[in-house]
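Please open the model in a viewer and keep the selection panel at hand.

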Amino acid sequence: MATVDQREGQEEPGSDEEVYEVVDLTEYARQHQWWSRIFGNNSGPIAEKYSVATQLMMGGLTGWCAGYIFQRVGKVAATAVGGGFLLLQIANHSGYVQVDWKKVENDVNKAKKHLKKKANKAAPELNTFIEEATDFIKRNIVLSSGFVGGFFLGLAS
């Protein structure tokens with residue numbers, strides 16, 4: 001593999017690889033603010049930045065994308081779980097697999113106890129997250145309602 005000489009910025013003789021320029025995307029975004037030219041000024045909270053129509057459009061579009069992806073992933077997951085369960089049942093009835101239900105019950109009970117312990121420790125962080133999310137939704141109600149509507153449309157399509 002050919003390397004690039006760090007001191008001179010020149011390729012080593014006999015190199016077949018191309019040299020690429022590194023682009024700083026943050027600097028590029030500052031220089032080419034196409035979003036600002038289309039949707040207006042970008043200072044202040046989101047409710048003050050964009051018009052109601054723009055907020056609804058942005059929320060609806062992102063909600064639709066999320067709903068559509070959620071629907072597709074959900075179908076694939078349901079098919080995989082259902083198919084796996086069906087194959088396991090066929091294997092069990094055919095005698096290929098023997099399930100020790102006592103051991104399964106003991107393991108499930110252990111997992112329940114472990115989850116209860118962890119849930120009590122994680123509750124403060126979860127409450128903080130829920131409070132922050134609720135505050136964001138209240139501050140950006142138009143964007144949030146557009147997202148919810150778009151999400152349901154994405155699920156339906």
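**A nonpolar patch, then aromatic pairs**

Select Leu86, Leu87 and Ile90 to begin: together they make a nonpolar surface patch of about 310 Å². Such patches join nonpolar side chains (Val, Leu, Ile, Met, Phe, Trp, Tyr) within 5 Å, from residues with over 30% relative accessible area and no salt bridge, a salt bridge being a side-chain nitrogen of Lys or Arg within 4 Å of a carboxyl oxygen of Asp or Glu. Accessible areas follow the Shrake-Rupley method with a 1.4 Å probe.

The model is predicted, and local features need pLDDT of at least 70, side-chain atom pairs 80 or more, whereas totals for chains, interfaces and linings use all residues. Residues are numbered from 1 along each chain as its sequence is written, and side-chain values use heavy atoms, without hydrogens and water.

Isoleucine 90 lies in helix H4, helices being DSSP runs (H or I, at least four residues) numbered from the N terminus. At 47% relative accessibility, isoleucine 90 is partly exposed (buried is under 20%, exposed over 50%, partly exposed in between).

Next, turn to the aromatic rings, of which the whole structure holds 4 pairs. Select tryptophan 64 and tyrosine 68: the ring centres are 5.1 Å apart and the planes at 15 degrees, so this pair is stacked (centres within 6.5 Å; planes under 30 degrees stacked, over 60 edge-to-face, the rest tilted). Both residues lie in helix H4 (residues 52-94), 4 residues apart, about one turn of the helix.

Move on to phenylalanine 147 and phenylalanine 151, a stacked pair with 6.3 Å between centres and 20 degrees between planes. Both belong to helix H6 (residues 141-156).

Technical notes
Phe/Tyr/Trp six-rings, centres within 6.5 Å; stacked < 30°, edge-to-face > 60°. Helix = DSSP H or I, 4+ residues; strand = E, 2+ residues; numbered from the N terminus. Patch = residues over 30% accessible without salt bridge, like charges linked within 9 Å, V, L, I, M, F, W, Y side chains within 5 Å. Buried < 20%, exposed > 50% of the residue type's maximum accessible area, 1.4 Å probe, protein only.
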